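Please look over the sequence and the 3D structure shown below. A short briefing, grouped by topic, follows them.

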Amino acid sequence: MYNVGVIGCGYWGPNLIRNYTQLNRSRVKIVADLDRDRLSHMKKLYPSVETTIDYMNIINDPEINIVTIATPVSTHYKFASEALSAGKHVFVEKPIASSAKDAESLVNIAKKNHLKLMVGHTFIYTAAVKKMKEIVQSGELGDIYYINSQRLNLGLFQKDINVLWDLAPHDISIILYLLDQEPKWISAAGSSNINGFIEDVAVLTMKFNDKLIAFTQVSWLDPDKIRKMTVVGSKKMMVYDDVQPTEKIRIYDKAVEMPKHYDTFAEFQYSYKYGDIIIPKIDGKEPLSTELSHFLDCIEQDLTPMSSGEKGLEVVKILEASDESLKNNSSLVELCNNQFLLN
Ligand SMILES: NC(=O)c1ccc[n+]([C@@H]2O[C@H](COP(=O)([O-])OP(=O)(O)OC[C@H]3O[C@@H](n4cnc5c(N)ncnc54)[C@H](O)[C@@H]3O)[C@@H](O)[C@H]2O)c1
């Protein structure tokens with residue numbers, strides 16, 4: 001039985017606490033939060049859980065094997081580095097840290113101490129995203145031309161990070177998982193409409209090579225909740241709509257081709273294919289349960305988590321490069337040996 005300490009029980013922490021409690025291999029021993037009201041709410045829900053306003057009571061507890069962090073991003077590095085240094089396995093919410101330097105340092109501390117470090121890239125643990133990966137890998141879509149994703153809603157506005165750091169880790173982690181490669185160049189455009197200094201609407205472009213490109217649009221300022229990703233290939237196209245309760249993925253047998261032979265420009269006609277639409281069956285298991293169960297498997301069997309510290313670092317490098325691009329009028333930023341080369 002793993003003894004878990006959870007730091008942060010605001011909006012997201014309680015979901016982690018509930019899922020650890022439901023797994024039969026772990027129990028939440030202590031929960032820390034600065035807000036006493038949140039702690040008393042947790043105590044009402046889980047009377048046997050200890051509560052504290054001082055997270056050091058978790059770090060210093062010799063019975064705790066796993067520290068789980070669901071606090072604002074600016075605190076992730078401090079809590080995660082202290083927990084790893086105290087010999088605890090660490091699960092930290094996305095994004096793993098607020099700079100690539102800090103993320104890299106966490107990866108190194110975990111490696112040095114032979115501990116597991118995992119980041120909460122929750123969507124790669126959903127059955128729908130796993131299905132999309134299978135479809136992309138099988139070659140059914142042909143060569144991937146581009147991916148377009150949108151994650152829009154009204155709120156929740158964050159105080160310490162912009163909308164890209166808040167929402168885009170989901171899209172970036174899904175896209176890197178599907179394509180199994182990192183982008184070479186990125187650019188970002190955004191605007192701050194409400195408070196004048198934190199971008200609340202943004203678009204990130206990631207270029208993987210001369211052809212393959214991905215666009216991600218994120219917003220805290222949209223009337224509709226939209227979580228949609230379109231993957232366009234040379235043979236077929238796929239749409240993932242996470243807001244749909246059941247039919248989350250549709251595969252469209254649609255494509256466009258250039259004619260192989262034509263004599264004059266007048267004869268030239270693109271050929272459009274309009275075929276069937278297939279809706280694969282998707283299993284409805286809660287992704288957080290799959291994610292935390294995978295984390296426990298990695299600890300038990302000494303495996304590398306699918307969303308390892310290194311994967312968290314890849315995402316943070318892209319977010320850091322997006323800040324650079326935003327500061328420089330959406331310039332193209334080359335991701336090259338941890339340096340930004342503005343083009
Ligand atoms: N994986 C997902 O799908 C998902 C979804 C939502 C949020 N998140 C992530 O979860 C993290 C928390 O987000 P949230 O929306 O729950 O934020 P939140 O503001 O609702 O909750 C954060 C909690 O941390 C507590 N806290 C802050 N400093 C602390 C300290 N020094 N010691 C103890 N507690 C402290 C706050 O009092 C608050 O209760 C973020 O990293 C966010 O990106 C992940």
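**Briefing**

Leaving aside its neighbours within four places in sequence, Ala-127 is in contact with Ile-282 and Asp-283, where contact means heavy atoms within 4.5 Å. This is a predicted model, in which local features need pLDDT of at least 70 and side-chain atom pairs count only at pLDDT 80 or more, while totals for chains, interfaces and linings use all residues. Residues are numbered from 1 along each chain as its sequence is written, and side-chain values use heavy atoms, with hydrogens and water left out.

**Ala-127**
- Ala-127 lies in helix α6, which covers residues 127-138; helices (H or I, at least four residues) and strands (E, at least two) are DSSP runs, numbered from the N terminus.
- Between the C-alpha atoms of Ala-127 and Val-73, which are 54 residues apart along the chain, the separation is 27 Å.

**The sheet**
- An open sheet is formed by six strands in the order β3-β2-β1-β4-β5-β6, with parallel pairing; two strands pair if DSSP finds at least two bridges between them.
- The edge strands, each of which pairs on one side only, are β3 (50-52) and β6 (117-120).
- From one strand to the next the twist averages 20 degrees, with axes taken as lines fitted to C-alpha atoms, for helices over the stretch in contact, and angles running from 0 to 180 degrees between N-to-C directions.
- Strand β5 (residues 89-93) pairs with β6 in the parallel sense over four bridges, and Glu-93 stands opposite Gly-120 in β6.

**Helices on the sheet**
- Helix α2 (residues 36-45) packs on the sheet, where it touches β2 (26-32) and β3, and its direction makes about 180 degrees with that of β3.
- Helix α4 (residues 76-85) also packs on the sheet, touching β1 (2-7), β4 (66-69), β5 and β6, and its direction makes about 170 degrees with that of β5.

**The ligand**
- There are 17 residues around the ligand, and those that come nearest are Tyr-11, Trp-12, Asp-33, Lys-94 and Thr-122; a residue is near a molecule if one of its heavy atoms lies within 4 Å of it.
- The shell around the ligand divides into seven nonpolar, seven polar and three charged residues, where Ala, Val, Leu, Ile, Met, Phe, Trp, Tyr, Cys and Pro count as nonpolar, Asp, Glu, Lys and Arg as charged, and the others, Gly among them, as polar.
- A polar backbone atom of Trp-12 is 2.8 Å from an oxygen atom of the ligand, and a backbone N or O atom of Gly-10 lies 3.5 Å from an oxygen atom of the ligand.
- A polar backbone atom of Gly-120 is 3.5 Å from a nitrogen atom of the ligand.
- Taken alone the ligand exposes 850 Å², of which the protein buries 80%; accessible areas come from the Shrake-Rupley method with a 1.4 Å probe.

Definitions and conventions: A polar contact is a pair of N or O atoms within 3.5 Å; within protein, one must be able to donate a hydrogen and the other to accept it, and residues adjacent in sequence count only if both atoms are side-chain atoms.
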